[in-house]
Amino acid sequence: MANRLVISNIGLLATPLGKTARAGADQGRISLRTGAYLAAEDGVITALGNGIPPRELLEGARHIDAGGRLVTPGLVDAHTHLVFGGWREHELALKRRGVSYLDILAQGGGILSTVRQTREASQEALTEKAAQALARMLCLGVTTCEAKSGYGLDQATELKQLAAVRTLAARQPVELVSTYLGAHALPPEYKDDREGYLRLMTREMIPMVSREGLAEFCDVFCETGVFTAAEAEEILRAAQAHGLKAKIHTDEIDAIGGTELAGWLQAVSAEHLIAATDRGIDALARGGTVAVLLPATSFYLGKPYARARNMIAAGVPVAAASDYNPGSCPSLNLQLVMNLACWNYKMSPEEVLTAVTLNAAAAVCRADRLGSLEPGKQADLVIWDAPNLDYIFYRFGENLVKTVIKAGMPVSEK
Ligand code: NIG
Ligand code: FE
């Protein structure tokens, strides 16, 4: 017999609709259904209705009374650096004194300090640490999470990070999406041989990661002092040739052409984009690339906020994600990201909801199955301790999630 779930007495069911990213005015046009119920069979939504669910639906079903609360799709965190060794709280004083993120990196700290700690950690220790982070994300409403490598840079450690993600995908409820980010920094052993590292990535690592099915995406940190747009192009073209889909970290600090490149390459997503130019934004719109914005990173680095309103006006679908990592965003709280997006990107609650559900699902190529609540989609959802959508943007700073359902199964309850 099918495994049926019925959620009744939903005060407000708020969800974007569709199987693709929503751009422009459509980003804010979501479905708002009051007094609703939802039914799912074997993890897939089969019915939505108003009022009391029909008796035949309730027979033999697991029944949850939502008590008049808000229900939304499960949150998708489309950009995290989930697996890493150690922390970097020693950088706090440097940052407070005004030493810049790129200066810390140029002095061998920053990402390279986490590379050292990740190389030293065992695979078991990395897996355990990431498992704890995922458990906290789940309580905060996250049902799908992207996870990047990039703190190994050498072959053994990159594979150790990717293997940790594979292990975690099988043993806990949050769905994981794996990204190879070998081009996160130039490894110290290649500091006088950029070409050699590019060759290692494009000729050995990318083919191997693809062959072994260790990642779906390839990402590059395209930034002043890290990788140039020409290098990013070489890496991402090699990735695409091997069947990995392209993502790019770019224009976080300086506009060096990475946003334009993302559009030309029809990358699935471009991330950060704080310094993106009008030309870059147009290129994203033409390339059908999702802009993944990371407001908690702007907050933590004391940087400006990306020009979300210009992106929405240009028809670029906007997603928002945590960027959880030990350097530029040591927080994994996607609810905080939603609050920051609302206030600092001047996005409406409806636009932000789309940004962390359907558009975030599109940024990890899962919008056909995840990111909205409608028949045929997977029953990943959150019951909030809130009566309406505005409430979760109003009561910022505490966890407002009551129940999390993944593929029709309750997986977290407060
Ligand atoms: O997305 N900018 C590059 N990578 C990360 C930060 C990594 C780190 O500082 O450890 C980011 O912000
Ligand atoms: Fe990042």
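Start with the open sheet: select its eight strands, in the order β6-β7-β8-β9-β10-β11-β12-β13, and you will see parallel pairing. Strands here are DSSP E runs of at least two residues, helices are H or I runs of at least four, and both are numbered from the N terminus; two strands pair if DSSP finds at least two bridges between them. This is a predicted model, where local features need pLDDT of at least 70, side-chain atom pairs count only at pLDDT 80 or more, and totals for chains, interfaces and linings use all residues. Residues are numbered from 1 along each chain as its sequence is written, and side-chain values use heavy atoms, without hydrogens and water.

Next, colour the edge strands, β6 (75-77) and β13 (318-320), each of which pairs on one side only. Neighbouring strands in this sheet are turned by 25 degrees against each other on average, direction ignored; axes are lines fitted to C-alpha atoms, for helices over the stretch in contact, and angles run from 0 to 180 degrees between N-to-C directions.

Now zoom in on β12 (residues 290-293), which pairs with β13 in the parallel sense over three bridges. Pick Ala291 and you will find its bridge partner, Val318, in β13. Then show helix α13 (residues 334-344), which packs on the sheet and touches β6, β7 (142-148) and β13, contact meaning heavy atoms within 4.5 Å. The direction of α13 makes about 90 degrees with that of β6.

Move on to β5 (residues 70-73), joined to β1 (residues 4-15) by two bridges in parallel. Three bridges join β5 to β14 (residues 381-384), running antiparallel. Select Thr72 to find its partner Val382 in β14.

Methods:
Chains lettered and ligands numbered in written order.
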